[in-house]
Amino acid sequence: MVNTCVAKGCENKQKTYSNTMFHRFPKSVEQRRLWLAALGIPPTTPEMKINQYRVCEEHFKREDYEEKMQYALKKKVLRLKKTAVPSVFDTEAERSASSMPGDLGDVQEEVEESIHLFVDLPQSTPQKSRTSDFKAPLPSHSTATRKKSLSVLAPSWTQQLDTASLPMVTAVCSPRRGLTFAEPQDTSQAEMDISASSAFDISMTSEPAAEPADTSFVPLSTPSSSTTGSSTNLSDQAGGWRERKWIVNESKLIELFQRCPSCGAPLCNLNRHKKIVGSQITIKCECDNGHTGEWQSCPDTRGMPENNLLASAATLFTGATYTDIADWAGLLNLQLPHNTTYNNIQSSYLIPTIEETYKKQENAIRARLICQTLDGEDLHICGDGRSDSPGHSAKYTTYSFMDDTTKQIVLFDLIQVTQAKSSVAMEPMGFKKGLDKLLNDGIAVKVVTTDRHPSIRKMMREDYPDVIHQFDPWHVTKGIKKKLVVAANRSTCKDLAPWIRSVTNHMWWSCSSCKGDTKELQRRWTSILHHIRGVHRWEEDGTEYRCFHDDLSADEQRMKKWLKHGSPAYTALYEVVMDTRLLKDLNHMTLFKHTGQLEVFHNSLLKYCPKRLHFPYPSMQARTMLAVMDHNENHDKPRQQATTVAGLKRYNIVYQKQSKQWIQKPVYTKTTQRFRDEIMEGVIQRRLDPSVKYKDPSSHVQVPQLAANIGVLKPSKEDIREGHTSRFRAKDQRT
């Protein structure tokens with residue numbers, strides 16, 4: 001973020017290529033008030049916002065700087081003096097903003113006069129004793145002095161203030177404001193009685209600056225209340241949803257409400273009223289002098305505590321579940337919204353916002369594919385299904401299609417088992433629905449890559465004869481590896497184990513180097529039967545062939561553990577390589593299309609939709625949309641491999657149990673989730689929309705009406721209870 005000079009009318013910006021110096025506001029409370037007065041900034045501005053302000057060097061005099069030796073640079077540099085105050089304002093806007101009664105010297109004198117009246121007052125927070133007096137503008141005994149101190153605090157709006165006839169100030173609690181106090185009804189008495197019983201708590205309003213030589217005393221930060229208002233882009237404000245948050249103990253929070261901030265009167269438990277709504281706590285105070293106020297730990301977003309909304313959104317958008325977060329918070333006794341509140345927020349605000357954001361991305365991708373078709377370019381896609389549980393007991397199957405060029409997820413379909421005849425039939429149904437959507441939109445799909453699912457093979461052969469169907473070599477190699485591992489576990493075929501990895505790599509090499517020629521692919525694949533016997537030149541149909549690797553030396557040829565022709569290990573390998581179905585499927589592997597990136601997406605899908613957990617259909621669909629947006633954000637361009645501080649590429653060494661070998665895997669840079677910011681912003685905007693009704697079914701995402709299960713209708717609990725017979729109860733009756 002580029003900082004701009006806070007002085008009104010000044011347009012200087014803090015940039016790396018600029019030599020203009022910018023200064024932060026001083027930490028000293030007294031000096032900070034002088035800066036605020038000089039720049040015309042209200043003293044009630046939150047400290048968090050003041051810490052972000054910068055003032056450029058053009059508003060200081062030359063004598064405000066001093067030269068100091070910088071030994072690291074071996075030269076002298078200019079440093080702003082601790083007593084310096086902005087005093088140079090060239091433009092009319094700057095001069096009018098800094099206009100105030102008298103000069104800064106008068107302001108300092110007024111501050112000193114107002115503070116001497118309260119030096120001996122007791123403080124609620126013990127402070128270290130000191131001989132020097134600190135300065136802070138506080139209310140005084142007389143009307144004149146009170147008026148004088150108010151002019152110091154707020155010079156820009158107290159010029160016409162008449163303290164003899166002060167109007168009643170009503171406590172206002174706006175959705176995004178902090179603590180606001182109301183003056184008592186009786187305003188005829190202009191003087192404030194400061195006595196020992198109602199001493200003003202100096203530590204609640206101002207803190208003295210720590211002495212340079214005193215390292216044991218660290219003053220507390222000046223407390224400030226949030227005064228951020230609502231805006232179109234709430235995340236850009238200091239009080240928006242992005243602002244930092246802390247875990248605060250309740251006892252430490254109550255310490256801030258020991259005295260009335262208006263008059264300093266002590267507050268007891270009877271004067272404080274606490275109200276807890278999920279993660280929000282509201283404290284209402286009323287002192288014996290009639291001052292009232294209300295403080296909230298977080299602002300409200302159209303009547304709903306904002307942190308309740310954000311906590312629910314952060315739980316879903318990060319792929320977590322309410323059960324896990326509530327279990328963690330329960331151990332800390334951290335207050336969170338109830339499970340029912342979370343479910344209502346999820347249905348009314350979170351899931352609709354996720355769907356809206358996802359539809360924008362999906363429509364943009366689909367529009368690009370349509371333009372690609374109009375330009376005469378064909379689309380190559382790959383698809384694969386992912387069930388929510390292994391075996392034949394799955395309830396959901398997510399079938400996804402990926403663009404083979406950009407590696408983006410084009411679309412997905414969530415199929416529930418009640419829509420199909422069985423769990424096995426869900427994957428072909430999802431494949432057909434997704435492919436029909438693309439073709440109906442006018443997208444020219446030329447090549448589709450899938451696994452060797454029998455139903456999908458038949459469907460492609462009969463319903464889509466014009467689309468080229470390719471098989472994924474990874475799935476084929478996976479099946480070959482399983483067969484070889486089973487054969488190598490037999491006692492007579494142990495010599496086959498060291499060759500398993502070489503055989504699977506040979507399949508990848510054969511598919512990638514055949515150049516679309518089916519016969520060449522089959523010849524290269526079957527050549528492994530010659531190489532594994534140590535034969536690197538052979539003749540087939542009158543033509544001599546040789547291995548593509550370099551010639552081996554005599555020692556290398558002798559040291560290799562070649563398989564003998566006719567041995568059990570060679571026979572087992574021959575049966576796998578020359579399998580009739582495998583040789584037939586090689587016709588669908590000539591283009592070397594694989595679904596490796598789609599498997600990466602399925603891996604990230606586990607973060608949002610774990611297989612060991614069950615989710616309702618709307619939640620399952622929304623979580624899949626989050627996984628798609630996460631994948632598309634990080635795979636629109638290849639991820640870079642992570643490097644060490646020295647610039648070397650990082651790897652992880654992994655031991656494989658099947659091959660019993662150590663292999664290295666590259667470590668990539670961390671993924672980003674910038675799409676979450678847009679969704680979080682959309683959630684708040686949806687809450688601010690008065691047309692969206694909380695807990696109203698009309699505000700929920702409309703999902704298809706699906707049967708609960710594929711069996712018979714579910715009976716009532718009473719019928720099941722009456723028909724239930726316990727063997728333990730029957731034994732007791734016989735006894």
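Modeller: Alanine 420 is found in the loop between strand 13 and helix 11 (426-440), where helices (H or I, at least four residues) and strands (E, at least two) are DSSP runs, numbered from the N terminus. This is a predicted model, in which local features need pLDDT of at least 70 and side-chain atom pairs count only at pLDDT 80 or more, while totals for chains, interfaces and linings use all residues. Residues are numbered from 1 along each chain as its sequence is written, and side-chain values use heavy atoms, with hydrogens and water left out.

Biologist: Is alanine 420 buried or exposed?

Modeller: Buried means under 20% relative accessible area, exposed means over 50%, and partly exposed is in between (1.4 Å probe, protein chains only). Alanine 420 has 13% relative accessibility, and therefore counts as buried.

Biologist: Where is the place of glycine 376, and does the residue count as buried or exposed?

Modeller: Glycine 376 sits in the loop between helix 10 and strand 11 (379-387), and because its relative accessibility is 57%, glycine 376 counts as exposed. Along the chain, 68 residues separate glycine 376 from alanine 444, and their C-alpha atoms are 8.7 Å from each other.

Biologist: Which residues does histidine 453 touch, once those up to four places away in sequence are not counted?

Modeller: A contact means heavy atoms within 4.5 Å. With those sequence neighbours set aside, histidine 453 touches Val424, Glu427 and Pro428. Histidine 453 itself lies in the loop between strand 14 (445-450) and helix 12 (454-463), and its 12% relative accessibility is why histidine 453 counts as buried.

Biologist: What should I look for in the backbone angle phi?

Modeller: Most residues other than glycine have a negative phi. Lysine 515 instead has a positive phi, near 60°, and aspartate 541, which is not a glycine either, has a positive phi of about 55°.

Biologist: Where are the places of lysine 515 and aspartate 541?

Modeller: Lysine 515 is in the loop between helix 14 and helix 15 (518-526), and with a relative accessible area of 81% lysine 515 is exposed. Aspartate 541 is in the loop between strand 16 (537-540) and strand 17 (543-546), and at 83% relative accessibility aspartate 541 counts as exposed.

Biologist: Which residues is isoleucine 354 in contact with, leaving aside neighbours within four places in sequence?

Modeller: The partners of isoleucine 354 on that basis are Leu316, Phe317, Ala622, Met625, Leu626, Met629 and Ile679.

Biologist: How many helices and strands does the protein have, and what percentage of its residues count as buried?

Modeller: The protein has 24 helices and 19 strands, and 41% of its 735 residues count as buried. Among the contacts in the protein with a separation of 6 or more, 63% are accounted for by residues 24 or more positions apart.
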